[in-house]
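Work through the exercises below with the sequence and the 3D structure at hand. Try each task before reading its solution.

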Amino acid sequence: MALRLVKRLARDWFLLGMLGAVGLALLFPDFGRSGGAMHADVVTNVGIFAVFFLHGLGMPMAQLKAGALQWRLHVLVQSFTFLVFPALWLLLNLAFGAWVPEDVALGFLFLCAVPSTISSSVAMTGAARGNVAGAIFDASLSSLLGIFLTPLIVGLLAHTTGQSLSLAEAIRKLSLLLLLPLVLGQLARPLLGAFFARYRKYTNGVDRVFILVLVYASFCDSVSSGIFSRHGGAIVALILGGAVLILATVLTLSTLAARRLRFSTEDEIAAVFCGSKKTLASGVPMARLLFGAHPGLGLIVLPLMFYHQLQLLVCSVLAERYASRPPTA
């Protein structure tokens, strides 16, 4: 299994891109920081709008309708995404919050509040021979709900980390730069949908490039403020350990819940993959909009970046195990 994980890492250009973006931020923080020569505020807003326009363009309405009636699956997935994750963060913060820096605690809260990811949830559900229609509906519904629920959860719980968030302003920003382009993308599907589907490989690449620009800009502000030099390597180990703990807990709980509810294996697969995943593609833009030029923004997005890679590696192994099960009669 370890060899398969290493091979996946070697093929993952996006992971290498994220490492490169962080490296560039360490070397050239002044160029990408707020107020720097890159004009990060303008560039990131344009990038966020473009990312969510592409998300809207790629949302398959017919497949969403096909999975809409499986309400037990949807309740379980959305409950894990927006209730179980925040509850788990509350428990962990009570247990370990005294030893965790405020920005890191806020980062883990943000990780637990963001919606599920669409592309990898659906792809892995398909690879594992699970309920793809249900996964498409749940992952897409999660993205829409997250525009309103993510700032609500962060706003309600951020005070426990010593931080605060203007909820009304956050929802206004998310609606303007996330919901509006999502709707425009859906409206453009009759004209551009076929083109998008034909060149999805390349449009997905554009999406990821915008995310890398946002990662670079986020880390530039933190490097310029000296936040990483103050914490050192120990903070990376702390964040990685926390991400591993959260992923292991949620995978275990979602599997047990699906089996306790007597889901079919296909529905269990969709529940586990959609209910345990968190989106980096939507999460980084949300972080830029919610926290702006916060000096700790690099630390805030780091738990999500680590969790994103861990979920891809672990869930791809799980997908192979599900796919190798004997077919049911």
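**Exercise 1. A salt bridge**

With which residue does Glu268 form a salt bridge, and how far apart are the closest N and O atoms?

Solution. The model is predicted.
Step 1. Search the whole structure; the search returns one salt bridge.
Step 2. Identify the partner: Glu268 pairs with Arg259, and the closest N and O atoms are 3.1 Å apart.
Step 3. Check the distance against the cut-off. A salt bridge needs a side-chain nitrogen of Lys or Arg within 4 Å of a carboxyl oxygen of Asp or Glu, and 3.1 Å meets this.
Step 4. Look at the surroundings of each partner. Glu268 has a relative accessibility of 6%, so it counts as buried. Arg259 has 52%, so it counts as exposed.

**Exercise 2. A charge without a partner**

Which side chain of opposite charge is nearest to Asp138, and how far away is it?

Solution. 
Step 1. Locate the residue: Asp138 belongs to helix H9, residues 132-157.
Step 2. Find the nearest opposite charge, which is Arg72 at 11 Å.
Step 3. Conclude that Asp138 is buried but has no salt bridge.
Step 4. List what Asp138 does contact beyond four places in sequence: Leu73, His74, Val77, Gln78 and Cys274.

**Exercise 3. Aromatic pairs**

Find how many aromatic pairs the structure has, then describe two of them.

Solution. A pair of aromatic rings is described by the distance of the centres and the angle of the planes.
Step 1. Searching the whole structure gives three aromatic pairs.
Step 2. Take Phe85 and Tyr307. Their ring centres are 6.2 Å apart and their planes meet at 75 degrees, so this pair is edge-to-face. The cut-off for that label is an angle over 60 degrees.
Step 3. Phe85 is in helix H6 (residues 71-96) and Tyr307 in helix H17 (residues 297-323), so the pair links distant parts of the chain, 222 residues apart.
Step 4. Check burial: Phe85 is buried at 0% relative accessibility, and Tyr307 is buried with a relative accessible area of 0%.
Step 5. Take Phe273 and Tyr322. With centres 6.1 Å apart and planes at 90 degrees, this pair is edge-to-face.
Step 6. Return to Phe85 and look for a charge: the charged end of Lys278 sits over the ring of Phe85, 4.2 Å from its centre.

**Exercise 4. The nonpolar core**

Which residues of the largest nonpolar core touch the most other members?

Solution. In soluble globular proteins, nonpolar side chains tend to be buried together.
Step 1. The largest core has 89 residues, and those touching the most other members are Phe110, Leu178, Ile246, Phe273, Phe291 and Met305.
Step 2. Ask which element gives the largest share of this core: H17, with 13 residues.
Step 3. Examine one of these residues. Beyond four places in sequence, the contacts of Phe110 include Thr150, Val154, Gly283, Phe291 and Leu304.

**Exercise 5. Positive phi**

What is the phi of Arg129, and what is that of Arg262?

Solution. 
Step 1. Arg129 has a phi near 65 degrees, a positive value in a residue other than glycine.
Step 2. Arg129 is in the loop between H8 and H9, and is partly exposed at 37% relative accessible area.
Step 3. Arg262, also not a glycine, has a positive phi of about 60 degrees.
Step 4. Arg262 is in the loop between helix H14 (234-260) and H15, and is exposed at 74%.

Definitions and conventions. Residues numbered from 1 in each chain as written. Predicted model: local features only at pLDDT ≥ 70, side-chain atom pairs only at ≥ 80, totals over all residues. Heavy atoms only, no water. Phe/Tyr/Trp six-rings, centres within 6.5 Å; stacked < 30°, edge-to-face > 60°. Helix = DSSP H or I, 4+ residues; strand = E, 2+ residues; numbered from the N terminus. Buried < 20%, exposed > 50% of the residue type's maximum accessible area, 1.4 Å probe, protein only. Lys NZ or Arg CZ within 6 Å of the ring centre and 35° of its normal. Core = buried A, V, L, I, M, F, W, Y, C linked by side-chain atoms within 4.5 Å. Contact = heavy atoms within 4.5 Å. Lys, Arg positive; Asp, Glu negative; His and termini not counted.
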